[in-house]
Amino acid sequence: MDSSRSGPLFETGIPSFDRLLGGGIPRRQSVIVTGDPGCGKTVLCSQVAFLAASRGLPVVVATVTSEPHDKLVSELAGFSFFRRELLDERLFVMSAYSTLKQGARETRDLLMQTVRKRGAKLLFIDGLRAIRDLWQDEARLREFLYELGIGLAAADCVGLFTTEYPLEKLLTLPEATTVDGVVSLSVNKRSARRLRRVEVVKLRGRPHLTGEHLMRIDEDGVRFIPRLEAQVPDMKDEAPPEGRASFGLPELDVLMEGGLPLHSATMVAGSMGIGKTLLAAHFAVEGARRSQPSLFVSFFDSPASLSNRARRIGLEMGQHVKSGLLSFMNVPPMEAEADLIVDRVLAEVSRLGVKRLVIDGLTSLEESIDDRDRRRTFFASLALRLRVAEVSTLFTREVPKVAGTELDFSDAPIAILGENLLLLRYVELRGRIHRILSVLKMRDSKYDNDLREFEIADTGMKVKSPMRSAEGLLTGQARPLGTSIGSAE
């Protein structure tokens with residue numbers, strides 16, 4: 001971000017927060033952080049205060065309630081950003097409650113005198129609503145905030161204030177128009193879950209990220225995960241690369257002119273238990289065998305379980321894990337959100353220099369996005385980001401019906417957005433169940449759309465010759481045309 005466009009910035013010390021803000025808080029500006037009790041306002045602003053003090057910047061923290069300010073300090077002691085040795089030196093905590101009763105001018109003078117005396121670069125006032133409740137005077141509060149903002153700007157000090165109002169209510173109050181920026185924190189109930197969100201509603205002079213984004217609080221404090229689709233990756237206008245990402249299964253690779261196009265997104269769709277995971281494992285192992293770092297993300301199998309399943313068909317994963325060319329990420333079934341999962345995946349892709357990525361269990365990732373209308377843009381952004389990172393990606397997705405005439409992928413965003421689509425399906429013919437596969441789609445690439453039978457045995461996965469002795473195979477209810485499966489016409 002080019003900070004020269006709007007002057008120097010005050011970095012919050014929280015990289016994800018700075019990303020939302022467009023690089024940081026513009027110097028000499030004041031920002032309100034609003035939200036209902038318990039949404040994390042005080043933790044966020046205190047974290048910014050401690051991180052600034054740890055960088056050597058003088059900070060003043062003012063409480064405006066009747067509670068002793070040492071109570072605030074004790075509540076923050078459990079977070080990793082808390083450093084007691086900074087108190088009274090770089091981070092000065094004061095109570096302005098008694099001065100509030102005297103009036104607005106007295107309170108402003110006390111705060112500004114303390115800021116100037118300490119040479120503070122950040123003033124954090126915790127609890128503007130307490131000031132409103134005490135004064136009960138709109139004009140006095142507006143004047144107080146306006147003159148305090150002027151004083152802070154003159155002292156080259158950033159103001160960070162919290163207040164307890166839902167966003168819609170705050171926007172009707174003078175506080176919202178007097179300050180330079182508004183950040184809203186919320187906790188939204190969705191079914192049995194409560195989801196933390198953040199939104200930068202306004203910030204003068206900064207091209208900040210808009211809309212709601214994921215918020216997390218843990219022992220390290222507050223962290224934000226910007227929506228994937230709100231971030232535009234740096235792109236180069238280049239022709240698609242030559243070459244293929246093969247599966248290491250010659251009979252399958254030949255159907256796709258040697259494999260999947262490099263840096264493309266592929267969905268392998270199929271019925272339960274048909275072999276999607278093992279096919280994906282072949283893709284990852286073949287990448288490792290070719291010295292291409294590969295990452296296998298699973299929503300179902302632990303690394304040990306997946307390795308054992310692969311070993312039973314002669315696919316050895318352990319040696320590639322030891323070499324560091326094959327890595328696993330297990331995402332257990334829990335109430336994780338897609339933004340958090342993908343953030344972890346992309347971090348691993350970057351850290352490991354991944355060139356092949358498998359996400360085994362696309363449905364689980366889809367269902368973790370509560371807003372169904374968002375799924376299409378989310379996966380489009382994910383596919384784009386992986387392509388820019390020069391990663392060849394393979395998703396697996398379960399088709400609900402084992403056999404039947406319906407074959408509908410309209411509810412699967414990646415089926416539309418992914419460049420390639422492979423279908424694995426059971427078919428019943430002459431009283432026996434067979435496995436078939438077909439390449440249904442490969443964007444801007446030649447491929448053979450023959451239906452092939454395949455088998456999974458102790459000797460491995462093997463793709464057989466084209467199935468030309470029956471029709472209606474994709475429906476799962478075939479009608480024989482000849483006397484044998486796989487025979488030539």
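Begin by selecting α2 (41–54), α3 (69–76) and β5 (91–95), each of which supplies at least two residues of the lining of the largest cavity; helices (H or I, at least four residues) and strands (E, at least two) are DSSP runs, numbered from the N terminus. The model is predicted, so that local features need pLDDT of at least 70 and side-chain atom pairs count only at pLDDT 80 or more, while totals for chains, interfaces and linings use all residues. Residues are numbered from 1 along each chain as its sequence is written, and side-chain values use heavy atoms, with hydrogens and water left out.

Next, show Ser46, Ala49, Phe50, Val61, Leu72, Val73, Leu76, Leu87, Leu91, Val93 and Phe124, which line this cavity. A cavity is a set of points, on a 1 Å grid over the protein atoms alone, where a 1.4 Å probe fits but cannot get out, and lining residues have an atom within 4 Å of a point. The volume of the largest cavity is about 60 Å³, taken as the space filled by probe spheres set on the points, which are joined across faces, edges and corners. Its lining has 10 nonpolar residues, 1 polar and no charged, where Ala, Val, Leu, Ile, Met, Phe, Trp, Tyr, Cys and Pro count as nonpolar, Asp, Glu, Lys and Arg as charged, and the others, Gly among them, as polar.

Then move to the second largest cavity, which holds about 40 Å³ of space, and select α16 (375–388) and β18 (392–398), each supplying at least two lining residues. Here α16 gives the most, with 3 residues, and the lining divides into 5 nonpolar, 3 polar and 1 charged.

Terms used
1 Å grid on protein atoms, 1.4 Å probe; cavity = no way out; pocket = protein on both sides within 12 Å on 5 of 7 lines; lining within 4 Å.
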